[in-house]
Amino acid sequence: MRVRRFMVLALSAIGFGGVDAMAEEPRLNQIQVIGSHNSYHLAPHPNVLGLIAVAGRDHATGLEYTHKPLAEQFSELKIRQIELDVFADPDGGRYAEPSARKILKGLGKDAGPDPNEGGILNKPGLKVFHVQDIDYRSTAPTLVDALRQVRAWSKGHPRHVPILILLELKDGKIAALPTQPAPFTKTELDGVDKEILSVFERGEILTPDDVRGAFSTLPEAIQKRGWPKLSEVRGKVMFALDNEGKHRTLYLEGHEALQDRLMFVSVPAKHPAAAWMKINDAIGDYDRIVESVRAGFIVRTRADANTVEARKNDTNCRDKALSSGAQFVSTDYAEPRPDFSPYHVRHAGGIAARSNPVSGDPSQAGVDLEGPVGNGNESSR
C-alpha cells in the first residue's frame, strides 16, 4: 500500500494526468470539489447597505460578500460548482430600476453602479441577482450571460471535471419591497431549459437521461451501473434545481424520472428522480449526508452561510462538510477576507478535485483527480 501511494503521488507530481494509472478510474460520485454560493454576487454599495441596515443590522452584514467573476473562480480558486439565483422577466425591464437606487437618488446620495448599464436588464429573459430592489449587483446580470461565461471557460479548459450549475428560481414576494417578481409557471420552467440550450449544446451537458440510460429510474441506474467515470464526463456541465415545493413539482410534472429534462432535482432517495441531493446543514444532517454518499447519491452541502463563520473564523461547519463526503461543498470564502478572519475553504494544496473521503479510493488521497485541464499547455496549479 505504501509503495502504491508513493507511485500515486509521484505520478501526480510529474503531471501524469493526476490519476494513478494503476488505480481504478474514479467515477463522478467518488470525488469532492469546492463550490461557491451565490456565485455572481457583488456586495451592495455602502449606501445601499445603510438602507438595508435600517430594517436590522443582520440583514446588511449577511450580504457583505463578493465573488470574483466566474472564470476567475474556476481558474484561480478551482471552483467547480456555482449557484445562480434566477428571476423570470418575460417582458423585460421588471428589475431595471431597483427601488434602493431611487431612494438614494432622491436623498441626493450616491446610489452606486447602475445594474442596467447598457440596458441589459431591459431585454426579456431570465435575470441573475439575489434580492429585487436591494441586493441586485451581479457579475452576470442575465442567465444567458452567466452560461456564456461558463461555456467560454469550459471550452478553454476541456479536461475539467464536471461543473455543477445550481439554479434557484425566485418569485417570492417581499412585503417591504415594491417590485413583485414574475411567477415561475410551467411555461417559465420549460423556458429555463430552453435558455440553457440556447448556450450549451445538449452533448455538453450531463443530463438525467445520460445517467439513467436504459434503466427506468435514476436510483436503479445508480445502484446497478453507477455514475459515469471521469473520462466520460470531462469538460461537461450539469444542472440542478435548488428549489423544492411547487417549483420542483411543476418541473417533474410529466417527467417523473426527469425524462427529457436538463436539471437534476433534490427528492427523497426512493423517488424515481433521485440522484443528486441538496442537504445544506452539514452539522445537523451530517449522518444523512454520509449515508446518502455511501448509497451512491451525489450531495451538495454548505460550509458557511451569511458571513457568520468567516467573521468568527469558525471552521466547525466547514470541517464537517468536507469530511461528510458531500461531493460539492459550497462556500462564500474560497479565499479569505482578511478584515474578517483567515477563514476559507480550499482543498489542501489548492487541488480542484480530491478523492472523496467517504466514497473514494484512499490510495488517491492528496492527488488532484482533475489533473491538467487545458489544451496541453496548462498544468493544474
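The model shown here is predicted. A search of the whole structure turns up 8 aromatic pairs. One of them joins tyrosine 333 and tyrosine 343. How are these two rings arranged? They are edge-to-face. Their centres are 6.2 Å apart, and their planes make an angle of 80°.

Now place the pair in the chain. Tyrosine 333 lies in the loop between β9 (328-331) and β10 (354-355), and tyrosine 343 lies in the loop between β9 and β10 too. The pair therefore ties together parts that are 10 residues apart in sequence. Are these tyrosines buried or exposed? Both tyrosine 333 and tyrosine 343 are buried.

Rings can also gather in a group. Phe87, Tyr95 and Phe129 make up one aromatic cluster.

Next, look for charges over rings. Arginine 261 places its charged end over the ring of tyrosine 251, 4.1 Å from the ring's centre. Arginine 337 has its charged end over the ring of phenylalanine 340, 4.1 Å from the centre of that ring.

Finally, turn to two helices. Helix α2 (residues 46-53) packs against helix α5 (residues 99-106). Their axes are 10 Å apart and meet at an angle of about 100°. α2 and α5 are therefore roughly perpendicular to each other. Which residues make the contact? Asn47, Val48 and Leu51 in α2 meet Ala100, Ile103 and Leu104 in α5. Of the residues in this contact, 5 are nonpolar, 1 is polar and none is charged.

Conventions
Residues are numbered from 1 along each chain as its sequence is written. This is a predicted model: local features need pLDDT of at least 70, side-chain atom pairs count only at pLDDT 80 or more; totals for chains, interfaces and linings use all residues. Side-chain values use heavy atoms; hydrogens and water are left out. Rings of Phe, Tyr and Trp (its six-membered ring) pair if their centres lie within 6.5 Å; planes under 30 degrees apart count as stacked, over 60 as edge-to-face and the rest as tilted. Helices (H or I, at least four residues) and strands (E, at least two) are DSSP runs, numbered from the N terminus. Buried means under 20% relative accessible area, exposed over 50%, partly exposed in between (1.4 Å probe, protein chains only). A charge sits over a ring if NZ of Lys or CZ of Arg is within 6 Å of the ring centre and within 35 degrees of the ring normal. Axes are lines fitted to C-alpha atoms, for helices over the stretch in contact, and angles run from 0 to 180 degrees between N-to-C directions. Angles under 35 degrees count as roughly parallel, over 145 as roughly antiparallel, 65 to 115 as roughly perpendicular and the rest as oblique. Contact means heavy atoms within 4.5 Å. Ala, Val, Leu, Ile, Met, Phe, Trp, Tyr, Cys and Pro count as nonpolar, Asp, Glu, Lys and Arg as charged, and the others, Gly among them, as polar.
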